Amino acid sequence: IWQELPKPNVMYGSQLVSINDKIWAVGEGSGSGNASKTMFEFDITNNLWQQLPDMDVARMYHRAVVVNV
């Protein structure tokens with residue numbers, strides 16, 4: 001069953017991956033084309049987003065995969 005999740009903020013060009021019952025949103029951009037270092041984690045159990053520490057390099061419109069978790 002699909003349901004819409006709450007959003008941490010407006011996100012353009014971010015990637016989502018699922019890791020151990022959490023969803024991570026990695027990188028984003030603004031409407032003006034500026035990349036961001038932000039990362040957010042969504043807790044499926046509690047239906048809440050929390051901001052994670054920033055990445056070292058800003059990214060948007062990139063790719064993300066999970067390997068060997």
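1. Read along the sequence, the protein follows the pattern β-β-β-β. This comes to zero helices and four strands; helices (H or I, at least four residues) and strands (E, at least two) are DSSP runs, numbered from the N terminus. The model is predicted: local features need pLDDT of at least 70, side-chain atom pairs count only at pLDDT 80 or more, and totals for chains, interfaces and linings use all residues. Residues are numbered from 1 along each chain as its sequence is written, and side-chain values use heavy atoms, with hydrogens and water left out.

2. Some totals come next. The protein has 69 residues, and 29% of them are buried (buried means under 20% relative accessible area, exposed over 50%, partly exposed in between, with a 1.4 Å probe and protein chains only). Its accessible surface is about 5200 Å², and carbon and sulfur atoms account for 52% of that; the areas come from the Shrake-Rupley method with a 1.4 Å probe, and for residues only the protein chains shown count as cover. A contact means heavy atoms within 4.5 Å. Of the contacts between residues at least 6 apart in sequence, 35% join residues at least 24 apart.

3. Two strands pair if DSSP finds at least two bridges between them. β2 and β3 pair in the antiparallel sense over five bridges, and in β3 the residue opposite Trp24 is Glu41. β3 is also joined by five bridges to strand β4 (residues 48-52), again running antiparallel. Here Asp43 stands opposite Leu48 in β4.

4. Asp43 deserves a separate look. This residue is found in strand β3 (residues 39-43) and is buried, with a relative accessible area of 16%. Leaving aside neighbours within four places in sequence, Asp43 is in contact with Lys22 and Leu48. Its side chain also makes a polar contact of 3.0 Å with the side chain of Asn46. A polar contact is a pair of N or O atoms within 3.5 Å; within protein, one must be able to donate a hydrogen and the other to accept it, and residues adjacent in sequence count only if both atoms are side-chain atoms.

5. How many salt bridges does a search of the whole structure find? The search finds one, where a salt bridge is a side-chain nitrogen of Lys or Arg within 4 Å of a carboxyl oxygen of Asp or Glu. The side chains that meet in a salt bridge are those of Lys22 and Asp43 (3.1 Å, N to O). This pair links distant parts of the chain, with Lys22 in strand β2 and Asp43 in strand β3, 21 residues apart. Lys22 counts as partly exposed, at 24% relative accessibility, whereas Asp43 is buried.

6. There is one aromatic pair. Rings of Phe, Tyr and Trp (its six-membered ring) pair if their centres lie within 6.5 Å; planes under 30 degrees apart count as stacked, over 60 as edge-to-face and the rest as tilted. The pair is Phe42 and Trp49, and it is tilted, at 5.0 Å centre to centre with 55° between the planes. Phe42 is buried, with a relative accessible area of 2%.

7. Ser36 lies in the loop between β2 (22-26) and β3. At 16% relative accessibility, Ser36 is buried. Leaving aside its neighbours within four places in sequence, Ser36 is in contact with Gly27, Glu28, Met55, Ala58 and Arg59. Ser36 and Arg59 are 23 residues apart in sequence, and 5.6 Å apart in space, C-alpha to C-alpha. The side chains of Ser36 and Thr38 are joined by a polar contact of 3.0 Å.

8. The last point concerns backbone angles. Most residues other than glycine have a negative phi. Asp21 is not a glycine, yet has a positive phi of about 65°. Asp21 sits in the loop between β1 (15-19) and β2 and counts as exposed, at 58% relative accessibility. Asn47, also not a glycine, has a positive phi of about 60°. Asn47 belongs to the hairpin of β3 and β4, which has four residues between the strands, and counts as partly exposed at 36% relative accessibility.
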